[in-house]
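Thanks for making time this morning.

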Amino acid sequence: MSFTSRAAISLLFILLNGLGTTVRAQQEDLIAKAQKERALVVTGTALASQGERYLNAFKQRYPFLNTTYSRASGESLTSKLLAEASAGQMGADVILINNYTHRIFMKRNIIVPYVTSATKTFPAGLADPNGYWVGFYIVPYAIEYNTRMVEKSEIPKSFEDLLHPRWKGRMSLEQEEYLVTQAHLAYLGKEKALDYFRKLARQDLRLIKGHSQQTVLLSAGEFAVNVYNDIARTEEYKKKGAPVAWVDAEPHITVVVSAAMTRAGRNPNAAKLFLDFVASEAGQKEVLAMDKPPALPKFRQEFLKGVELFPVDWSLSDTFEEHNKLFREIFWKNK
């Protein structure tokens with residue numbers, strides 16, 4: 001090896017070592033600042049037991065933080081946070097909700113960007129490149145059916161198959177399936193999607209409130225097919241012995257539940273530690289304990305291996321009112 005080559009390698013080693021030292025120093029400084037805050041307040045849409053379990057894992061790493069978690073449904077949580085922001089009384093440091101809603105919060109100046117290097121390993125659509133949010137867990141959707149009511153030869157192989165006359169009056173749709181249908185529209189293109197939705201609406205769909213209720217009624221034989229449902233929920237009910245299964249037919253619209261840091265939170269450094277944890281491999285592994293599919297593909301459950309997912313683009317939030325109106329015009333005619 002020439003002197004020039006050895007010199008170049010030595011210089012590279014020095015630079016990398018210096019970079020590592022800088023990163024460690026920054027992390028130590030962040031921890032020191034979080035120790036002074038001594039608290040972290042997280043709010044989200046995950047069940048209280050799931051959120052608390054995840055925070056317990058985080059707290060094992062940072063035991064000096066007093067962590068609290070509060071839970072509300074998506075609509076209620078959004079209204080609560082918008083009201084708190086308007087009143088200048090934001091209580092949360094971190095928000096866990098779908099990235100679609102984070103778009104609203106970003107526009108209202110409620111959340112701020114924080115770029116963590118760990119998100120470089122996340123596929124496109126599962127972490128915001130500008131740092132406004134990082135994927136926590138995903139909710140992928142699929143056609144769901146009752147295995148006792150649908151013969152193997154009749155199992156739909158695509159969404160187009162749901163337009164077959166055999167399914168008329170035998171399917172259900174969540175009555176406010178706004179986000180998933182909007183993403184489906186983006187996937188197909190507006191003209192093709194609206195044509196499909198109008199044909200689907202003529203199939204005499206039963207409109208049901210709540211995806212969980214849909215699966216319960218499907219299991220009981222109230223209808224044969226749910227147009228969209230959460231794959232992880234289907235797998236959960238299968239384990240309990242329910243006669244349900246899902247179809248591997250694209251697109252698998254995927255809602256990304258993500259973590260974002262609030263602008264007015266009282267504990268910004270603790271919030272940064274939490275976002276670092278969410279984006280880390282250790283943090284993504286802990287998502288499995290919540291019975292949720294992690295955003296990072298390498299840790300997802302076996303039933304999602306090889307399944308092509310279509311993450312919801314958060315920019316769809318910009319036209320949600322227009323889409324929701326279209327949805328009601330098409331699907332609520334006979335409600």
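Let me begin with Glu329, which is partly exposed because its relative accessible area is 40%, and please keep in mind throughout that we are looking at a predicted model. Glu329 forms a salt bridge with Lys325, and the closest N and O atoms of the two are 2.6 Å apart. Both residues belong to helix H11, where they sit four residues apart, about one turn of the helix. Lys325 also counts as partly exposed, with a relative accessibility of 49%. As a general point, side chains of opposite charge can pair when their charged atoms come close.

In helix H6, Lys199 and Asp195 are separated by about one helical turn, and their salt bridge has its closest N and O atoms 3.2 Å apart. There is also a network of salt bridges, which links Arg103, Lys107 and Asp318.

Staying with charge, we can turn to the surface, where Lys168, Arg198, Arg202 and Lys333 gather in a patch of positive charge. Arg202 lies in the loop between helix H6 and strand S7, and it is exposed, with a relative accessible area of 53%.

Now for the rings. The structure holds 16 aromatic pairs, and in one of them the rings of Tyr54 and Phe277 have their centres 5.5 Å apart and their planes at 55°, so the pair is tilted. Because Tyr54 lies in helix H2 and Phe277 in helix H9, this pair ties together parts that are 223 residues apart in sequence. Are these two residues buried or exposed? Tyr54 is buried, with a relative accessible area of 2%, and Phe277 counts as buried too, at 5%.

A second pair is edge-to-face, because the rings of Tyr178 and Phe327 have their planes at 75°, with their centres 5.1 Å apart. Tyr178 lies in helix H5 and Phe327 in helix H11, so parts that are 149 residues apart in sequence are tied together.

Technical notes: Residues are numbered from 1 along each chain as its sequence is written. This is a predicted model: local features need pLDDT of at least 70, side-chain atom pairs count only at pLDDT 80 or more; totals for chains, interfaces and linings use all residues. Side-chain values use heavy atoms; hydrogens and water are left out. Patches are made of residues with over 30% relative accessible area and no salt bridge: like charges are joined within 9 Å, nonpolar side chains (Val, Leu, Ile, Met, Phe, Trp, Tyr) within 5 Å. Accessible areas come from the Shrake-Rupley method with a 1.4 Å probe; for residues, only the protein chains shown count as cover. A salt bridge is a side-chain nitrogen of Lys or Arg within 4 Å of a carboxyl oxygen of Asp or Glu. Lys and Arg count as positive and Asp and Glu as negative; His and the chain ends are not counted. The place of a charge is taken as NZ of Lys, CZ of Arg, CG of Asp or CD of Glu. Helices (H or I, at least four residues) and strands (E, at least two) are DSSP runs, numbered from the N terminus. Buried means under 20% relative accessible area, exposed over 50%, partly exposed in between (1.4 Å probe, protein chains only). Rings of Phe, Tyr and Trp (its six-membered ring) pair if their centres lie within 6.5 Å; planes under 30 degrees apart count as stacked, over 60 as edge-to-face and the rest as tilted.
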